[in-house]
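Me: I would like to go through the labels attached to this model and ask what stands behind each of them.

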Amino acid sequence: DDAPESLRMLDIDITQSGSWQRTDVRTLVPDIIARQRRTHRLLAEIRGELSIVVQVLYETAAPIVQKVVRGHLLRCRFDSIRQAIIHKAETEAGTEIQRMIRSYLAKAETERRRLERREAMRLRLQTIARHF
């Protein structure tokens with residue numbers, strides 16, 4: 001109230017477009033406060049809607065981002081995975097070849113011992129038959 005008259009007067013065009021009147025600021029205070037409250041309420045609603053939009057965006061984007069990251073990681077590790085598979089296959093193939101060779105050698109040794117025993121028995125029988 002201590003302000004001079006010129007500071008209390010305001011062009012109403014600031015608050016209402018198309019109206020070129022001057023008015024006392026004190027009469028506009030309730031209208032400005034109401035507009036401020038409506039603006040705050042609208043801002044709160046918009047923030048709520050924005051948070052819903054952001055949540056939906058995260059829910060939609062998360063699987064896509066995960067897919068992209070997993071694909072990238074797989075491509076980065078693909079060579080090492082492929083080398084590990086090749087190494088495992090080579091190792092298993094080597095083990096199988098060793099098994100087959102050992103089996104062949106064991107059968108050959110068994111057959112050699114069988115023939116050796118048979119020869120020893122034949123000689124033994126001949127010796128016995130000669131002394132009879």
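Me: Why are E109 and R113 said to be separated by about one helical turn?

Reply: The model is a predicted one. E109 and R113 are four residues apart in helix α2, so about one turn of the helix separates them.

Me: What makes the contact of E109 with R113 a salt bridge?

Reply: The closest N and O atoms of E109 and R113 are 3.0 Å apart. A salt bridge requires a side-chain nitrogen of Lys or Arg within 4 Å of a carboxyl oxygen of Asp or Glu, so the pair qualifies. E109 and R113 also belong to a network of salt bridges that links them with R112 and E116.

Me: How do you know whether E109 and R113 are buried, partly exposed or exposed?

Reply: Partly exposed covers the range between under 20% (buried) and over 50% (exposed). E109 has 28% relative accessibility, so it counts as partly exposed. R113, at 49%, is therefore partly exposed as well.

Me: Why is the pair E111 and R114 called a salt bridge?

Reply: The N to O distance between their side chains is 2.3 Å. The cut-off is within 4 Å, so E111 and R114 meet the criterion. E111 and R114 are three residues apart in helix α2, so about one helical turn lies between them. At 32% relative accessibility E111 is partly exposed, and R114 is partly exposed at 36%.

Me: What makes R82 and D79 a salt bridge, and where do they lie?

Reply: Their closest N and O atoms are 3.4 Å apart, which is within 4 Å, so the pair is a salt bridge. Both residues lie in helix α2, three residues apart, about one turn of the helix. R82 has a relative accessible area of 37% and is partly exposed; D79, at 44%, is partly exposed too. A search of the whole structure finds eight salt bridges.

Me: Why is Y58 called exposed?

Reply: Y58 has 56% relative accessibility, and exposed means over 50%, so the label applies. Y58 is found in helix α2, residues 25-130. Together with L50, V53 and V54, Y58 forms a nonpolar surface patch of about 400 Å² accessible area.

Me: How many residues of the protein chain are buried, as a percentage, and what is the order of its elements?

Reply: Buried residues make up 5% of the 132 residues in the protein chain. The chain has two helices and two strands, running α-β-β-α from the N terminus. The accessible surface comes to about 12200 Å², with 62% belonging to carbon and sulfur atoms.

Conventions:
Residues are numbered from 1 along each chain as its sequence is written. This is a predicted model: local features need pLDDT of at least 70, side-chain atom pairs count only at pLDDT 80 or more; totals for chains, interfaces and linings use all residues. Side-chain values use heavy atoms; hydrogens and water are left out. Buried means under 20% relative accessible area, exposed over 50%, partly exposed in between (1.4 Å probe, protein chains only). Accessible areas come from the Shrake-Rupley method with a 1.4 Å probe; for residues, only the protein chains shown count as cover. Patches are made of residues with over 30% relative accessible area and no salt bridge: like charges are joined within 9 Å, nonpolar side chains (Val, Leu, Ile, Met, Phe, Trp, Tyr) within 5 Å.
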